[in-house]
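Dear colleague,

Please find the structure below, with the sequence. My notes on what was found in it follow.

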Amino acid sequence: GYMEGVLAAGGIPVMLPLTEENTNISELLDRLDALIFTGGHDVSPSFYGETPVPECGRSIPERDTMERLLLDAALERDMPVLGICRGLQTVNVFFGGTLCQDISEHGACDGVDRRHRVRTATSPLQELCGETCVVNSAHHQAADRLGAGLQAIQWTDDGVIEALCHRTLPVWAVQWHPERLGKLGETVFQAFHSLCQ
């Protein structure tokens, strides 16, 4: 779905190999215009100074490390970044934020899309979504304390952060899955593609 979303918006998707070598990462970024951090396994709590709770799922430390290196290098190049689901969590942790390791009491369910209404603050995202819209979530973790420079711009009715952005850098992230959301999702990919030109 991520690949199809990028293609439909007019971009050329490239899936990166797992690497923790700075030289490889620099060479990869030389060939790219932007980065999308996708969904996947839980970010390791060790990256935000916590011990895993029993409900915390499997993590892949190599991916956590690579994505931190990628994000750091992308920001040095002023490269646009879009985080999706785990990608939002990765962005938040990168900037020094923390995560709620399990939010099952809010009704989210890892791996199963649930449609729900969100409200969006005045922002470019509101221009795409409106003040309220229905999105899909499939996560059991969420941003808790926001990282430095980040601001929440979309929430569920019970306060779970569903989108955020950086105040000065070209970094945006949504907790939901635009690649599975039809027209609204297509609009998100198109808007992100426009940042890359």
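**Asp158 and its surroundings**

The side chains of Asp158 and Thr156 make a polar contact at 2.5 Å. Please keep in mind that this is a predicted model. Asp158 sits in the loop between strand 7 (150-156) and strand 8. Its relative accessibility is 45%, so Asp158 counts as partly exposed; the cut-offs are under 20% for buried and over 50% for exposed. Asp158 also lies 9.5 Å from Val118, C-alpha to C-alpha, although the two are 40 residues apart in sequence.

Most residues other than glycine have a negative phi. Two residues here are worth a look on that account.

- Asp78 has a phi near 60°. The residue is in the loop between helix 3 and strand 2 (81-84). Asp78 counts as exposed because its relative accessibility is 53%.
- Cys85 has a phi near 55°. This residue is in the loop between strand 2 and helix 4 (86-94). Cys85 counts as buried because its relative accessibility is 8%.

**The largest pocket**

The largest pocket has a volume of about 860 Å³. Its lining is made up of 29 residues, and Val14, Met15, Ala34, Leu35 and Ile36 are the ones that lie nearest the centre. Which elements each supply at least two residues of this lining? They are helix 1 (2-8), strand 1 (35-37), helix 3 (61-76) and helix 6 (182-195). Helix 3 gives the most, with four residues. By class, the lining of the largest pocket divides into 21 nonpolar, four polar and four charged residues.

**The second largest pocket**

The second largest pocket has a volume of about 260 Å³. It is lined by 16 residues, with Leu125, Leu128, Trp172, Ala191 and Leu195 nearest its centre. Two or more lining residues come from each of helix 5 (124-129), strand 8 (161-166), strand 9 (171-174) and helix 6. Here helix 6 gives the most, with five residues. The lining of the second largest pocket has 14 nonpolar residues, one polar and one charged.

Regards

Methods:
Residues numbered from 1 in each chain as written. Predicted model: local features only at pLDDT ≥ 70, side-chain atom pairs only at ≥ 80, totals over all residues. Heavy atoms only, no water. 1 Å grid on protein atoms, 1.4 Å probe; cavity = no way out; pocket = protein on both sides within 12 Å on 5 of 7 lines; lining within 4 Å. Points joined across faces, edges and corners; volume = space filled by probe spheres on them. Nonpolar A, V, L, I, M, F, W, Y, C, P; charged D, E, K, R; others polar. Buried < 20%, exposed > 50% of the residue type's maximum accessible area, 1.4 Å probe, protein only. Polar contact = N/O pair within 3.5 Å; in protein donor to acceptor, adjacent residues only side chain to side chain.
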